[in-house]
Amino acid sequence: MNRTEAFALMESKITNLNLRKHVLAVEAVMKRLARELHQDEEQWGLAGLLHDLDYEETKNTPDRHGLTTVELLKDKNVPAEVLNAIKAHTDKKPRETLMEKAIYCADPVTGFLVACALIRPAKKLADVDAEFAKNRMKEKRFAAGASREAMQSCRELNLDLDRFFLISLEAMNSISQELGL
């Protein structure tokens, strides 16, 4: 499956505009992490773009989240590594590979950084830096749905939180128009 096919599939399965922006943000972060870690950017991007394909379908059955996506993709020429990453981001398999570890921390960081941008006066990602984001991490009620534990697992990629935020912000800023931020 190439990116064009994956994008079309995402648009057919995800109707919520904010969820579409989320998967685009995770795709961008995953591609940038792949570049940082000398991995396959296209494969990592596919994992990001497809990781929440079943979210709207499984919102009332969260135990199926990720698994339904894998079932949908099994006959669509998607690499096993991508399918495993999709399962790993929802704890449906242990995180063993770099891609699996990366998507686990990339998923929550996108929403967290969007929340950081939205409290800045201009409401732009460009006004958020790693230090600002790191300071917001200490506020437990700020973006409470974004797992601090998952974001801090960036250490499993040999990245400290500052570098992880910097990479994620760079990636998301590169598509800021698509994100409306």
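Residues are numbered from 1 along each chain as its sequence is written, and side-chain values use heavy atoms, with hydrogens and water left out. Because the model is predicted, local features need pLDDT of at least 70 and side-chain atom pairs count only at pLDDT 80 or more, whereas totals for chains, interfaces and linings use all residues.

The chain contains 11 helices and 0 strands, where helices (H or I, at least four residues) and strands (E, at least two) are DSSP runs numbered from the N terminus. Its order along the sequence is accordingly α-α-α-α-α-α-α-α-α-α-α. Along the principal axes, the C-alpha trace spans about 45 × 35 × 30 Å. Of the 181 residues, 49% count as buried, a class defined by under 20% relative accessible area, with exposed meaning over 50% and partly exposed lying in between (1.4 Å probe, protein chains only). Among contacts (heavy atoms within 4.5 Å) between residues at least 6 apart in sequence, 61% join residues at least 24 apart.

Pockets were located on a 1 Å grid over the protein atoms alone, a pocket being an open set of points where a 1.4 Å probe fits, with protein on both sides within 12 Å along at least five of seven lines, and lining residues having an atom within 4 Å of a point. Grid points are joined across faces, edges and corners, and a volume is the space filled by probe spheres set on the points. At least two lining residues come from each of helix H2 (17-36), helix H4 (55-58) and helix H7 (98-118), and H7 provides the largest share, with 7 residues. By class, this lining comprises 13 nonpolar, 9 polar and 5 charged residues, where Ala, Val, Leu, Ile, Met, Phe, Trp, Tyr, Cys and Pro count as nonpolar, Asp, Glu, Lys and Arg as charged, and the others, Gly among them, as polar.

The second largest pocket has a volume of about 200 Å³. Its lining consists of 13 residues, with Ala28, Lys31, Ala171, Ser174 and Ile175 the closest to its centre. Two or more lining residues are given by H2 and by helix H10 (161-173), the largest share, 6 residues, coming from H2. This second lining holds 4 nonpolar, 1 polar and 8 charged residues.

In helix H6 (residues 80-89), the buried positions are Val82, Leu83, Ala85, Ile86, Ala88 and His89, and these residues pack against helix H3 (41-50), helix H5 (67-73) and H7. Within H5, Thr68 counts as buried because its relative accessibility is 14%, and beyond four places in sequence Thr68 touches Asp54, Glu57 and Thr58.

The loop between H6 and H7 includes Thr90, which is buried because its relative accessible area is 15%. The side chain of Thr90 reaches the backbone oxygen of Lys87 at 3.0 Å, and, leaving aside neighbours within four places in sequence, Thr90 is in contact with His65 and Gly66. Just after H6, Asp91 adopts a positive phi of about 60°. The side chain of Asp91 also makes a polar contact with the side chain of Arg95 (2.5 Å), a polar contact being a pair of N or O atoms within 3.5 Å in which, within protein, one must be able to donate a hydrogen and the other to accept it, and residues adjacent in sequence count only if both atoms are side-chain atoms. Arg95, likewise placed in the loop between H6 and H7, is partly exposed, with a relative accessible area of 26%. Not counting residues up to four places away in sequence, Arg95 touches Ala88, Glu100, Lys101 and Tyr104.

Most residues other than glycine have a negative phi. Lys123, however, has a positive phi of about 55°; it is found in the loop between H7 and helix H8 (130-137) and is partly exposed at 43% relative accessibility. Asn158 has a positive phi of about 60°, lies in the loop between helix H9 (148-152) and H10, and counts as exposed at 75% relative accessibility.
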